Amino acid sequence: EYRDVVHEPMDLGTIRENLRNNQYKTIEDVYQHVKLVFRNCRAFNPPGDPVRKAGDKLEQHFDKLWKGAKLPIASPTDPAD
């Protein structure tokens with residue numbers, strides 16, 4: 001069911017491993033993968049669902065921290081593999 005809705009799965013654990021293994025070429029690639037996690041959360045979990053609410057809240061916190069760190073915000077493209 002999840003794979004029927006989400007065609008490009010991504011999770012924070014995978015992002016952590018990619019960071020540890022220097023898999024990202026740019027900070028923008030990291031940003032895009034994190035935002036993909038949140039897009040997938042919204043795509044799979046309907047409004048009002050506790051997981052969706054938690055994802056939305058975490059995304060707001062992430063956006064605030066990212067902006068506060070004055071890091072670049074990537075355009076919506078796929079991160080480099």
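# A friendly tour of the helices

Visitor: How does Val51 count: buried, partly exposed or exposed?
Guide: This is a predicted model, and in it Val51 has 46% relative accessibility. Buried would need a value under 20%, and exposed one over 50%. The value lies in between, so Val51 counts as partly exposed.

Visitor: Which residues does Val51 touch, not counting those up to four places away in sequence?
Guide: Val51 is in helix H4. The C-alpha atoms of Val51 and Cys41 are separated by 7.7 Å, and these two residues are 10 residues apart along the chain. Leaving aside residues up to four places away in sequence, Val51 touches Cys41 and Asn45.

Visitor: How are H3 and H4 oriented to each other: roughly parallel or roughly antiparallel?
Guide: Let's start with the numbers: the axes of H3 and H4 come within 8 Å and cross at roughly 160 degrees. An angle over 145 degrees counts as roughly antiparallel. H3 and H4 are therefore roughly antiparallel.

Visitor: Is the crossing of H3 and H4 left-handed or right-handed, and how many residues of the contact are charged?
Guide: H3 passes H4 in a left-handed crossing. On the H3 side, the contact includes Ile27, Tyr31, Lys35 and Arg42, while on the H4 side it includes Arg52, Asp56, Glu59 and Trp66. The residues of this contact divide into nine nonpolar and one polar, and the charged ones number six.

Visitor: How are H2 and H3 oriented to each other: roughly parallel or roughly antiparallel?
Guide: Helix H2 covers residues 12–20 and helix H3 covers residues 27–44. Their axes come within 10 Å and cross at roughly 165 degrees. Since angles over 145 degrees count as roughly antiparallel, H2 and H3 are therefore roughly antiparallel.

Visitor: Which residues in H3 do those of H2 meet?
Guide: H2 passes H3 in a right-handed crossing. The residues of this contact divide into six nonpolar, two polar and no charged. From H2 come Leu12, Ile15, Asn18 and Leu19, and in H3 they meet Val30, His33, Val34 and Val37.

Visitor: How far apart are the end C-alpha atoms of H3?
Guide: H3 has 18 residues, and at 1.5 Å a residue they should span 26 Å. The expected span uses one less than the number of residues. The end C-alpha atoms of H3 agree with that expectation, because they are apart by 26 Å.

Visitor: What covers the buried residues of H3?
Guide: The buried residues of H3 include Asp29, Gln32, Leu36 and Asn40. Helix H1 spans 2–5 and helix H4 spans 50–68. What covers those buried residues of H3 includes H1, H2 and H4.

Visitor: Which residues does Asn40 touch, not counting those up to four places away in sequence?
Guide: Asn40 lies in helix H3. Its relative accessible area is 8%, and under 20% means buried, so Asn40 is buried. Leaving out residues up to four places away in sequence, Asn40 touches Tyr2, Val6, Glu8, Pro9 and Met10.

Visitor: What is the relative accessible area of Pro9?
Guide: Pro9 is found in the loop between H1 and H2. Not counting residues up to four places away in sequence, Pro9 touches Tyr2, Arg3 and Asn40. Pro9 is partly exposed, with a relative accessible area of 30%.

Visitor: How many Å separate the C-alpha atoms of Lys67 and Arg3?
Guide: Lys67 is in helix H4. Lys67 is exposed, because its relative accessible area of 66% is over 50%. Lys67 and Arg3 are 64 residues apart along the chain, and their C-alpha atoms are separated by 31 Å.

Visitor: What value is phi of Asn22 near?
Guide: Asn22 lies in the loop between H2 and H3. At 66% relative accessibility, Asn22 counts as exposed. Phi of Asn22 is a positive value in a residue other than glycine, near 55 degrees.

Visitor: What value is phi of Lys70 near?
Guide: Lys70 is found in the segment after H4. Lys70 is exposed, with a relative accessible area of 73%. Phi of Lys70 is a positive value in a residue other than glycine, near 60 degrees.

Conventions. Residues numbered from 1 in each chain as written. Predicted model: local features only at pLDDT ≥ 70, side-chain atom pairs only at ≥ 80, totals over all residues. Heavy atoms only, no water. Axes fitted to C-alpha atoms, helices over the stretch in contact; angles between N-to-C directions. Helix = DSSP H or I, 4+ residues; strand = E, 2+ residues; numbered from the N terminus. Parallel < 35°, antiparallel > 145°, perpendicular 65-115°, else oblique. Left-handed = near helix turned anticlockwise from the far one by under 90°. Contact = heavy atoms within 4.5 Å. Nonpolar A, V, L, I, M, F, W, Y, C, P; charged D, E, K, R; others polar. Buried < 20%, exposed > 50% of the residue type's maximum accessible area, 1.4 Å probe, protein only.
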